[in-house]
Amino acid sequence: MARFPSKSSGQVPCCPSGVNSPASATVLLCVLAATLSILLPPAVSARTVKDQTGRSVDVPNNLHRLVSLAPNITEIVYALGLGDELVGDTDYCDFPPQAKNKPHVGTMVNPSLERIVALKPDLALGTPEANRRETADQLERLGIPLYGVTASTLAGTLASIEDLGKILGRASEARSLVAEMQARIDRVEKRIEGQPKPRVLFVVWYRPLITVGPSTFIADVIRAAGGTPIGENLKGEWPRLTLEELLPQNPDVILLPKTESFSPSTEEFQSLPGWKDLRAVKERRMFFVSETVMRPGPRLVDALEELAGVLHPTVAFKTGERQ
Amino acid sequence: MTFPATPRNVIVVAGVMSLLLVLTVLVSLTMGAVHLPLSEVWAALVSPGTNSEAAVIVRGIRLPRILLAILVGAALSVAGTGLQALLRNPLADPYVLGISSGAAVGAIFALWIGGRVAAASPLAAFVGAVITMVWVYLLGRHGGRLSSYTLILAGVITASFLSAVILFMLTLLSTRDVRGIAFWLMGDLSVTPVAELRILAPAIILAIAGLYVFAKDLNVLLLGAEEAAHLGVNVVRVELGVYILASLLTGIAVSASGAIGYLGLLVPHLGRMLVGNDHRMLLPTAALGGAILLVLSDTLARTAVAPAELPVGAVTAVAGAPVFIYLLRKTAG
């Protein structure tokens with residue numbers, strides 16, 4: 001951890017010229033400074049592992065109390081049958097519905113550390129996609145191990161589920177969950193085989209237009225669903241797309257995630273400058289899709305099937321169709 | 001209301017303010033996203049051996065954060081007081097000289113090139129602040145000594161240029177890093193590690209004590225540089241000393257907690273209304289008053305939308321602007 005150079009405190013010009021009471025306030029401040037205390041993390045029987053973000057984490061051998069710091073992780077925890085062990089999650093954890101009734105620790109970006117401490121977790125679970133490094137550092141300081149998972153592809157999402165399964169002592173459950181998800185992925189792949197791949201614009205925000213970068217799991221789901229996400233040359237996770245870049249790429253399909261904060265009407269899009277000339281707009285191929293596609297958890301395959309159905313209606317792939 | 005700044009009066013005022021501060025700290029310790037009964041808060045404070053959840057929350061989370069608020073609040077307020085006197089401008093605040101922007105550039109630059117080592121890197125921010133301090137000083141020098149007008153202009157121009165640099169760098173950072181830096185830019189007390197308090201505390205206390213040494217000279221300086229020189233004040237030395245110390249205080253505070261707004265502008269004004277213009281009285285009043293106000297603001301930041309938390313800079317900005325307007329109307333009328 002970076003420190004201040006101790007030199008900074010030494011550059012005090014020493015010239016007490018005609019001061020009546022030099023340091024009355026200083027003395028009081030010194031007393032306050034002297035009350036600084038430091039906290040030692042409690043010792044527990046644990047094994048040290050590297051998590052998916054590269055941090056080494058002391059994972060306790062007995063895990064009974066888990067806190068999830070992201071909605072997709074909450075879903076994974078439930079899917080692994082550990083819903084009862086989950087003692088806290090975030091304000092945004094809304095699936096499965098029981099997750100809403102768990103004690104909340106705040107938002108992903110700025111949770112309340114003291115809430116987390118009060119829940120006495122054996123292990124906290126987070127992801128750099130949603131949480132801040134500072135939160136991870138603080139939890140470490142407070143002696144709460146935080147295990148991080150990260151995924152930027154569909155396959156990576158499956159891998160992170162399997163990884164969490166191993167860490168949480170649910171390896172076989174995780175394996176069968178992942179096998180089931182993989183089977184559904186394969187089924188989609190077979191269905192769309194030989195179909196043309198429409199060019200897809202995924203709209204994260206529209207004023208300005210923000211789309212998904214090629215290395216995000218959303219772009220990967222679009223590819224797996226038989227589409228070609230436009231903007232393969234864009235950099236970053238959530239790049240801006242100018243009209244100049246958009247027009248020549250002329251998407252066949254425009255996808256908009258349905259969220260509480262984002263529900264523009266399709267008319268609103270048609271009125272945006274230049275948009276009415278886009279093929280997707282002219283052919284009325286603009287679709288609202290469930291925001292599940294933005295959550296790298298067990299339901300990402302639901303989103304995959306939904307997207308495949310939207311992109312390839314001719315192969316009669318019904319939304320949410322099960323085996 | 002003004003008291004003559006006799007040593008006795010200074011001690012009385014500082015004593016009363018310190019009591020108020022202690023009271024504020026005690027109240028703040030009992031407030032948070034987790035409800036803790038008073039008895040548990042007290043137990044956590046007086047028996048350092050225990051490791052209950054209450055003890056971790058009180059000693060590991062609330063107390064370090066409160067101590068940081070005290071230090072940063074005092075630093076920004078004293079820096080603001082010193083700069084308002086140095087620049088003879090009631091609108092001066094610790095950020096007018098561009099030092100916070102310099103710190104921000106340093107922090108973001110470190111994120112940019114260094115990745116995770118530099119997460120919220122206070123050292124890089126401090127280096128940025130010091131470089132800016134030297135740069136603005138060189139720009140603001142006129143004929144061998146500081147000219148308050150040139151200095152303000154140099155600071156404002158530097159600040160706006162650096163803001164542009166910040167925006168440029170932010171557009172190139174990954175979303176993940178922007179999320180972290182956004183809180184810092186707004187001013188946030190939640191992220192400084194406890195270990196840093198051990199460096200911050202002596203640095204800030206020494207710099208405040210150093211500024212206090214100039215208290216009497218600052219009074220004379222308010223008459224104007226030439227008059228002060230006639231009255232036997234070594235103006236060059238005083239101006240340089242106050243400039244360096246106020247800048248260092250700002251740099252240290254911003255490095256630790258980002259640019260918390262309004263405090264350094266407002267507290268000197270409040271202080272002058274309370275105890276008058278004598279810096280021997282005003283500086284300790286500003287230090288303690290700034291500490292009290294920032295502890296209060298951060299308590300609000302921790303509890304207003306619990307369990308989520310606001311960056312404290314949002315609280316001081318929302319509360320600070322109306323208070324400033326009120327003061328303006330009151331002093332104008």
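**A walk through two chains**

Let's start with one pair of residues: V200 of chain A has V253 of chain A as its bridge partner, over in strand 11 of chain A. Before I go on, some housekeeping: this is a predicted model, where local features need pLDDT of at least 70, side-chain atom pairs count only at pLDDT 80 or more, and totals for chains, interfaces and linings use all residues. Residues are numbered from 1 along each chain as its sequence is written, while chains are lettered from A and ligands numbered from 1 in the order in which they are written.

Back to that pair. Strand 7 (residues 199-202) and strand 11 (residues 253-258) of chain A run parallel, with 3 bridges between them. Two strands pair if DSSP finds at least two bridges between them. The open sheet here has 4 strands in chain A, ordered 10-7-11-12 and paired in parallel. Strand 10 (228-229) and strand 12 (286-290) of chain A are the edge strands, each pairing on one side only. Helix 11 (residues 300-311) of chain A packs on this sheet, touching strands 7, 11 and 12 of chain A, and its direction makes about 165° with that of strand 12. Contact means C-beta atoms, placed from the backbone, within 7 Å. Angles run from 0 to 180 degrees between N-to-C directions, and axes are lines fitted to C-alpha atoms, for helices over the stretch in contact.

Chain A also has an open sheet of 4 strands in the order 4-3-5-6, again with parallel pairing. Which strands stand at the edges? Strand 4 (86-88) and strand 6 (146-148) of chain A do; each has a single partner strand, so one side of each has no neighbour in the sheet. From one strand to the next, the twist averages 35°. Strand 5 (residues 123-126) of chain A is joined to strand 6 of chain A by 3 bridges, and G126 of chain A is partnered with G148 of chain A.

Helix 4 of chain A lies across strands 5 and 6 of chain A, at about 145° to strand 6. The buried residues of helix 4 (residues 133-141) include R133, E134 and L139 of chain A. Buried means 20 or more other C-beta atoms within 10 Å of a residue's own, exposed means 12 or fewer, and partly exposed is in between, with C-beta atoms placed from the backbone.

Now chain B. Helix 3 and helix 8 (residues 194-213) of chain B pack at about 25°, with axes 10 Å apart. They are therefore roughly parallel to each other; that label covers angles under 35 degrees, with over 145 roughly antiparallel, 65 to 115 roughly perpendicular and the rest oblique. Their contact has 14 nonpolar, 1 polar and no charged residues. Here Ala, Val, Leu, Ile, Met, Phe, Trp, Tyr, Cys and Pro count as nonpolar, Asp, Glu, Lys and Arg as charged, and the others, Gly among them, as polar.

Last stop: A125 of chain B, in helix 5 (residues 122-140) of chain B. Why does A125 of chain B count as buried? Because A125 of chain B has 31 C-beta neighbours inside 10 Å.

Terms used. Helix = DSSP H or I, 4+ residues; strand = E, 2+ residues; numbered from the N terminus. Contact = placed C-beta atoms within 7 Å.
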